[in-house]
There are 4 protein chains.
Amino acid sequence: MIKKVKNIAVLTSGGDAPGMNAAIRSVVRACSYYNLNCFGVYKGYEGLINGEIEPLNARSVRNIINRGGTFLKSARSKAFRTVEGRQKAHDNLKKHNIDALIVIGGDGSFTGALKLSKEFDFPVVGIPGTIDNDINGTDYTIGYDTALNTVVEAIDKIRDTASSHNRLFLIEVMGRDAGDIALNAGIGAGAEEILIPEEDLGVERLLDSLKRSKVSGKTSSIVVVAEGDKSGKNIFELGEYIEEHLQGYEIRVSVLGHIQRGGAPSCYDRVLASKLGVGAVEALMDGKREIMVGIVHKTVTQVPLTTALEKRIHKHDQLIKVADITSV
Amino acid sequence: MIKKVKNIAVLTSGGDAPGMNAAIRSVVRACSYYNLNCFGVYKGYEGLINGEIEPLNARSVRNIINRGGTFLKSARSKAFRTVEGRQKAHDNLKKHNIDALIVIGGDGSFTGALKLSKEFDFPVVGIPGTIDNDINGTDYTIGYDTALNTVVEAIDKIRDTASSHNRLFLIEVMGRDAGDIALNAGIGAGAEEILIPEEDLGVERLLDSLKRSKVSGKTSSIVVVAEGDKSGKNIFELGEYIEEHLQGYEIRVSVLGHIQRGGAPSCYDRVLASKLGVGAVEALMDGKREIMVGIVHKTVTQVPLTTALEKRIHKHDQLIKVADITSV
Amino acid sequence: MIKKVKNIAVLTSGGDAPGMNAAIRSVVRACSYYNLNCFGVYKGYEGLINGEIEPLNARSVRNIINRGGTFLKSARSKAFRTVEGRQKAHDNLKKHNIDALIVIGGDGSFTGALKLSKEFDFPVVGIPGTIDNDINGTDYTIGYDTALNTVVEAIDKIRDTASSHNRLFLIEVMGRDAGDIALNAGIGAGAEEILIPEEDLGVERLLDSLKRSKVSGKTSSIVVVAEGDKSGKNIFELGEYIEEHLQGYEIRVSVLGHIQRGGAPSCYDRVLASKLGVGAVEALMDGKREIMVGIVHKTVTQVPLTTALEKRIHKHDQLIKVADITSV
Amino acid sequence: MIKKVKNIAVLTSGGDAPGMNAAIRSVVRACSYYNLNCFGVYKGYEGLINGEIEPLNARSVRNIINRGGTFLKSARSKAFRTVEGRQKAHDNLKKHNIDALIVIGGDGSFTGALKLSKEFDFPVVGIPGTIDNDINGTDYTIGYDTALNTVVEAIDKIRDTASSHNRLFLIEVMGRDAGDIALNAGIGAGAEEILIPEEDLGVERLLDSLKRSKVSGKTSSIVVVAEGDKSGKNIFELGEYIEEHLQGYEIRVSVLGHIQRGGAPSCYDRVLASKLGVGAVEALMDGKREIMVGIVHKTVTQVPLTTALEKRIHKHDQLIKVADITSV
């Protein structure tokens, strides 16, 4: 028989993402609603090992739904990659009589959660929180929608300058393995070309495309490049290469960087986080464990953590075609 | 045999919505990509009747993807509700050798499109563009996501004041028949209560809930009210009623109004509009007519215009529960 | 000889304004820098009477410079208008050995401060914090610049709809006695007409101007109306009147309301608040009392509180002319 | 006797700045108001040489007050640095019967304007438009206030991540010779340290300060670095140096780059641009030439172009002290 959960802990781990606070708030409030006790773990797995654990109640999470970052803080923990580290973490969970752990983060965080679950038979549930949208088993991850808006707003600003000066801008956006940000923000910002990790177009194709753009009457251009782009050149080298081989353009490079992780979450991310926080608590109450809650076609779903950790099958074809057509 | 389309016209109709420009741009660029001619009709059906029709090419729509409103302008047309009006409209379409019409708008616009299709056997395709998200057969309408962000940002600002003064704010948002904006923006903004047209909670339940909120330690409160709320009181009357029956709160009323229709579209709306614009042109090329293109689980789909005009079955239960839980 | 101040209290009073948190932070940090003790009073004068006073240190005010509202909260206090109330307030100040009080607020707050100073010979310094910019002796008040941006962004959104539909919008902005917001935001938003409390143009002049606008080719119009406008009609009556007397326009009314008080402060307001917070503490250290610190031509200045409470001489002529010219 | 101006041309030159469109609009509308003819020159001096000149009327500039960049486009012109280039430019002005030229830009643009004035006795008036605020004889340049807000909003986002991860961020902002952006945005964003070109603190002082910050309990830090900083290290080298010499911090570097030049102008910049545009036209009507219009203590003023080109005397002392105190 499944032991009923009574005390739930929650932590955020890995890179922070807008909406993490909304997810914590939702976990805390769902615990309060269902008369469970909730504990916040500070600094991710590092804090779990160091015992930085405090009770949270419904009022602890007031006025945080609109804030970027995570008030529980996050960290990458080397210690948690060792058995000793995880043992200490488990000891601390037991010390506070915690029955289950909710982990908000990306694949690195879920790998840790899975180990805790396997080694100590400890109930864990994952909530996908990362701007990269690179988790299998969910349509969207928390923070992704906000990051898209941040990128698009930044490129809107850069386009003011690009079109005032007839310039070509190369703009690097986040996405080491996943082109979701580059592709969607590229379409949204009206980019002429988009380079993503899943597809190696080669530098020559880019040059050809830019030449065609010029012929078609475009006087300025935006090229969006995911940081994981496979062209073999970093964005500055790419800029120099184009400058050498394409006449009549002034080239500028902009690396958007860390602004993409922050900011007040979009409404979508706040609602998604609210749904998944409730969903995670309810899953634990139903006796579920070693799963991730996600969103599939607007409905909260559950997949095994192992599935969440599988490689996502990219289906970018439709979007790539839309990008090609709308940048004519 | 289906006659191949060669000349496509596009218009925007009804209330404007952020992302309409992105949709027009996508239609125009898709025509260019597929070597079709594209015509823009100004001022919706009114302009169709008056012959305000101009050719558009790929460069006509540069630098508009980020702009709210619609550069083709929109209008409500009484004349188009008459047979004579529609006859003139059809005459003008013929005069320009236009083979098909793409209508970007809401249900009123689609009703007009359907009549044109039925009466003159003229190919029409609809694209759902309205902030209300009240169209059947599509997960989202263009402009809805942007409106949610606008509402949430406005309420974030009001919450600054609410929590500085320990006040109760009643905030009216758009949504005459659909509670989608109120419900999602209410959750996203951390509202304590949300009143929607689909559900009549009664004023007493609201009072009870606000009393409980106070007891639970809340010192300020946000109540989001859809304009189509069925409580029988307008928002100012509601405010007075609460003030009379609930002690210790200062009540303030705010009607967000027209700011909800404008603003730079969110990335989501720009991408959605880009997909649907391409989808509409491709549907016409495939010989489809009297349909609406929509988005269902991230994929562009087609439904008969008659289906789009049917009453949407609301599935707000899951969200209402999330709202109840997270406002604990 | 002047007694050296050692313990300073700070409170926010009246309507909240963006940048109040930045001002509190600056007061607290300046106290820390100069080795003074700082106390925060919650809920303005009400909290002073009720003894809601707590020590603050440099770390108490971390991460608040970017937040709207005031974390010390604000309130209007009836009790403080009585001698008994002020006596209690003074008793509480003495109980905590507080030597001086810094009041962040508008003219109502300064009136209270002046009474405290006169009746108990208690050192007070005022910092002008109100979005209305209606305080004598300072070029700008804290929160005003942010409110201007909020208004202009809101009208930008409404203009999307106005120009999409060829409509005339009447937009009410804050400013009961001062037209500063209406005039500056009106120019900034490209309004066709601006109605301010300091000037009664009469409804007829407005009608004439709108007629001329139409003749000159304008297809949509924005009229900005300060809430204190002296036309004798409220904004809804004004809308009806225009609708009756001006053909060919659809009229819409929008009351911007409380969003104008909130939001993250602009850079200008944060820097201004930082300067004035430091300036207030340094003034007390210099033995100054019964003064307001303000900004005049980018320099922190001091004026007697009585001067701050005098009627400001409006110098709107230059701006009114700019408004007339740029709305041609 | 001074010849009355009848035909005025306007151009934007050098780096674009938010508010340039508002300035052009104001020049055009002022010409319309005073019954003068106005001509727009495209692409700065380059377009003047190439004869890219077109008449503008009051309706040509509708709906641009809120747009970043410059619709007249800008460019840096090598040809204009030669006598032959300027001769051609002058010929084109004469060909269109243009009596006077208004140049919106920074010091490079004014140097060119001065040459045109001297060599051909041609009336020119400058309007200071640059985000750097580095022009002598005016309190503010157009675009500067907007850039400050852009920087502060970007750092607010980065701070979300910084405080979630206990990190130290080095953030590079624009300002090759002027620390105005770094200093004001640094204070506004709550930076712990600010490095500006006008002051060489040395890397050691920075290290000391960061060590003190840690001791005082700060868990994350923002250091703002102007691009013209004189520390002798670029920002990446600076980051590595700190990482080597300061334990317990993860260092991250972010170069804000071109987003700082774009975006919808703030209300302040729109009003400033509107005032200066009117002021420039009125100055020409008064027979003024070889001057720049600027803003001094809220009033439009005129200084000789030669004065505008003198080195500005920096008065950062007061602000540096405020920065030191508020970052305690």
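The following legends describe close-up views of a predicted model. Local features are given where pLDDT is at least 70 and side-chain atom pairs at pLDDT 80 or more, whereas totals for chains, interfaces and linings use all residues; side-chain values use heavy atoms, without hydrogens and water. Residues are numbered from 1 along each chain as its sequence is written, with chains lettered from A and ligands numbered from 1 in the order in which they are written.

**View 1. The open sheet of chain A has seven strands.** Helices (H or I, at least four residues) and strands (E, at least two) are DSSP runs numbered from the N terminus. The strand order is S3-S2-S1-S4-S5-S10-S11, with mixed pairing; two strands pair if DSSP finds at least two bridges between them. Strand S3 (53–56) and strand S11 (299–304) of chain A each have a single partner strand, so one side of each lacks a neighbour in the sheet. From one strand to the next the twist averages 30°. Strands S4 (residues 100–105) and S5 (residues 124–128) of chain A are parallel and share five bridges, and Ile104(A) has Ile127(A) in S5(A) as its bridge partner. Helix H9 (residues 267–285) of chain A lies across S1, S4, S5, S10 and S11 of chain A, at about 140° to S10(A). Such angles run from 0 to 180 degrees between N-to-C directions, the axes being lines fitted to C-alpha atoms, for helices over the stretch in contact.

**View 2. Strand S4 of chain B is mostly covered.** Six of the six residues of S4(B) (residues 100–105) are buried, meaning under 20% relative accessible area with a 1.4 Å probe and protein chains only. Ala100(B), Ile102(B) and Ile104(B) point one way, and Leu101(B), Val103(B) and Gly105(B) the other. Strand S1 (residues 7–12) of chain B runs parallel to S4(B) and is joined to it by five bridges, with Leu11(B) opposite Val103(B). Five bridges also join S4(B) to the parallel strand S5 (residues 124–128) of chain B, where Val124(B) is the bridge partner of Leu101(B).

**View 3. Helix H1 of chain B is mostly covered.** Of the 14 residues of H1(B), 12 are buried, including Met20(B), Ile24(B), Arg25(B), Val28(B) and Cys31(B). Asn35(B), which follows H1(B), has a positive phi near 60°.

**View 4. Helix H4 of chain C has buried residues covered by helices and strands.** Among the buried residues of H4(C) are Phe110(C), Leu114(C), Leu116(C) and Phe120(C). Their cover includes helices H2 (44–50), H3 (83–95) and H10 (305–308) and strands S4 (100–105), S5 (124–128) and S10 (291–296) of chain C. Asp121(C) follows H4(C) and has a positive phi, near 50°.

**View 5. Thr161(A) is in contact with residues of chains A and D.** Thr161(A), in helix H5 (residues 144–165) of chain A, is buried, with a relative accessible area of 0%. Beyond its neighbours within four places in sequence, its contacts (heavy atoms within 4.5 Å) are Arg167(A), Phe169(A), Asp16(D), His258(D), Arg261(D) and Gly262(D). Arg261(D) lies in the loop between strand S9 (250–255) and helix H9 (267–285) of chain D. Arg261(D) is buried without a salt bridge, and Asp16(D), the nearest side chain of opposite charge, is 4.7 Å away. A salt bridge requires a side-chain nitrogen of Lys or Arg within 4 Å of a carboxyl oxygen of Asp or Glu; Lys and Arg count as positive, Asp and Glu as negative, and His and the chain ends are not counted.

Terms used:
Buried < 20%, exposed > 50% of the residue type's maximum accessible area, 1.4 Å probe, protein only.
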